[in-house]
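Here are my notes on this one, as numbered points. Have the viewer open while you read.

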Amino acid sequence: MMKKYTKILLSILSILLLLSACTEPEEFDNVLIGSWKYINYQTDDWEKIIFQEDLDYRLENYSASSTQIVTVTGTYAYTDTTFTFERRNYPDIVFKYVVSGNNLYVNPGKTYIRQ
């Protein structure tokens, strides 16, 4: 009798283990959505990144010395620790990040402020 219960218990555990292996990967809240700005106070250059909910981004780079703005648009992907600018015909660019309050800390060494 005990062998029968053991077999049933092992069968149930095996099924539960298989079901847990088939679950989808964990999704993360997209804390990047919105507008973020980095300012270099020594040169007055700035960068503005706009992350949209549909996974499009807009990156504006302003050069104070030339008074020009260069704009790049595209799509991005994200995890809880990285975001990736996906670029056609060029390698993707991956950045590590941390969001704390209204600050977006991006490696290498830039702090963007939520706008």
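A residue is called buried when its relative accessible area is under 20%, exposed when over 50%, and partly exposed in between. Keep in mind that this is a predicted model.

1. Burial first. Phe83 has a relative accessible area of 1%, so by that cut-off Phe83 is buried. Tyr97 comes out at 6% and is buried too. Over the protein, buried residues make up 20% of the 115 residues.

2. Overall layout. You'll find one helix and eight strands, in the order α-β-β-β-β-β-β-β-β from the N terminus. Among contacts with a separation of 6 or more, 28% are between residues 24 or more positions apart.

3. Aromatic rings. There are 11 aromatic pairs in the structure. Take Phe83 and Tyr97: the ring centres are 5.8 Å apart and the planes sit at 45 degrees, so this pair counts as tilted. The two residues are 14 apart and link distant parts of the chain, with Phe83 in strand 5 (residues 82–86) and Tyr97 in strand 6 (residues 93–100). Both belong to a cluster that ring pairs build from Phe51, Tyr57, Tyr76, Tyr78, Phe83, Phe85, Phe95 and Tyr97.

4. A charge over a ring. Which lysine lies over the face of Trp46? That would be Lys37, at 4.4 Å from the ring centre.

5. In soluble globular proteins, nonpolar side chains tend to be buried together. Here the largest nonpolar core has 15 residues, and the members touching the most others are Leu32, Phe51, Phe83, Phe85, Leu104, Val106 and Tyr112. Two or more residues each come from strand 1 (34–40), strand 2 (45–51), strand 3 (56–63), strand 5, strand 6 and strand 7 (103–106).

6. Thr111 sits in strand 8 (residues 110–114), and is partly exposed at 34% relative accessibility. What does Thr111 contact beyond its neighbours within four places in sequence? The list is Lys37, Tyr38, Asn103, Leu104 and Tyr105. Tyr38 is 73 residues away along the chain, yet the C-alpha atoms of Thr111 and Tyr38 are separated by 6.1 Å.

7. Backbone spots to check. Most residues other than glycine have a negative phi, and most peptide bonds are trans. Against that background, Asn107 and Pro108 are joined by a cis peptide bond, with omega about 10 degrees; Pro108 is in the loop between strand 7 and strand 8. Leu55, in the loop between strand 2 and strand 3, has a positive phi of about 70 degrees. Asn89 also has a positive phi, near 65 degrees, and lies in the loop between strand 5 and strand 6.

8. Are Leu55 and Asn89 exposed or partly exposed? Leu55 has a relative accessible area of 32%, so Leu55 is partly exposed. Asn89 reaches 76%, which is over the 50% cut-off, so Asn89 counts as exposed.

Terms used:
Residues numbered from 1 in each chain as written. Predicted model: local features only at pLDDT ≥ 70, side-chain atom pairs only at ≥ 80, totals over all residues. Heavy atoms only, no water. Phe/Tyr/Trp six-rings, centres within 6.5 Å; stacked < 30°, edge-to-face > 60°. Helix = DSSP H or I, 4+ residues; strand = E, 2+ residues; numbered from the N terminus. Buried < 20%, exposed > 50% of the residue type's maximum accessible area, 1.4 Å probe, protein only. Lys NZ or Arg CZ within 6 Å of the ring centre and 35° of its normal. Contact = heavy atoms within 4.5 Å. Core = buried A, V, L, I, M, F, W, Y, C linked by side-chain atoms within 4.5 Å.
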